[in-house]
Amino acid sequence: MRTEHRYELIVYWSDEDNAFISIVPELPGCAADGATYTEAVANVEVVIDEWISTARELGRAIPKPRGRLLFA
């Protein structure tokens with residue numbers, strides 16, 4: 001069963017990659033892509049699980065979701 005994560009996602013279209021890119025600002029380096037918006041979000045959910053699992057294995061802190069981030 002997949003864990004429901006509450007991290008903010010930023011999803012955008014990349015002409016360079018010809019794909020939607022989904023990033024998780026609170027988890028450095030956590031990103032995925034997909035041919036559709038929905039696929040990019042589904043793929044990044046898998047990457048979030050992997051990011052958290054790896055952080056646990058390495059004894060690193062896992063940031064708590066802060067909710068909506070504000071960018072100026």
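Start by selecting Tyr37: at 47% relative accessibility this residue counts as partly exposed, a class that lies between buried (under 20% relative accessible area) and exposed (over 50%), with a 1.4 Å probe and protein chains only. Before moving on, note that this is a predicted model, where local features need pLDDT of at least 70, side-chain atom pairs count only at pLDDT 80 or more, and totals for chains, interfaces and linings use all residues. Residues are numbered from 1 along each chain as its sequence is written, and side-chain values use heavy atoms, with hydrogens and water left out.

A search of the whole structure finds 2 aromatic pairs. Rings of Phe, Tyr and Trp (its six-membered ring) pair if their centres lie within 6.5 Å; planes under 30 degrees apart are stacked, over 60 edge-to-face, and the rest tilted. Trp13 and Phe20 have ring centres 5.0 Å apart and planes at 75 degrees, so they form an edge-to-face pair. Trp13 is partly exposed at 38% relative accessibility, and Phe20 is partly exposed with a relative accessible area of 23%. Now look from Phe20 to Tyr37: the ring centres are 6.2 Å apart and the planes stand at 80 degrees, so this pair is edge-to-face. Phe20 belongs to strand E2 and Tyr37 to helix H1, so the pair ties together parts 17 residues apart in sequence. Helices (H or I, at least four residues) and strands (E, at least two) are DSSP runs, numbered from the N terminus.

**The sheet**

Switch to cartoon view and find the open sheet of 3 strands, ordered E1-E2-E3 with antiparallel pairing. Strands E1 (10-14) and E3 (31-34) stand at the edges with a single partner strand each, so one side of each has no neighbour in the sheet. From one strand to the next, the twist averages 25 degrees. Select residues 19-23 to see E2, which runs antiparallel to E1 and is joined to E1 by 5 bridges; two strands pair if DSSP finds at least two bridges between them. Within this pairing, Val11 stands opposite Ser22 in E2, and Ser14 stands opposite Ala19 in E2. Next, bring in helix H1 (residues 37-57), which packs on the sheet and touches E1, E2 and E3; its direction makes about 150 degrees with that of E3. Such axes are lines fitted to C-alpha atoms, for helices over the stretch in contact, and angles run from 0 to 180 degrees between N-to-C directions.

**The hairpin turn**

Select Asn18, in the loop between E1 and E2. The hairpin has 4 residues between the strands, and Asn18 takes a positive phi near 55 degrees. Most residues other than glycine have a negative phi. Asn18 counts as exposed, at 57% relative accessibility.

**Inside the fold**

Return to strand E2 and pick Ile21, which is buried with a relative accessible area of 10%. Beyond its neighbours within four places in sequence, Ile21 is in contact (heavy atoms within 4.5 Å) with residues including Ile10, Tyr12 and Ala32.

Finish at the largest nonpolar core, whose 8 residues are Tyr7, Val24, Leu27, Cys30, Ala32, Val44, Ile48 and Ile52. A nonpolar core is a set of buried Ala, Val, Leu, Ile, Met, Phe, Trp, Tyr and Cys residues joined through side-chain atoms within 4.5 Å. H1 gives the largest share of this core, 3 residues.
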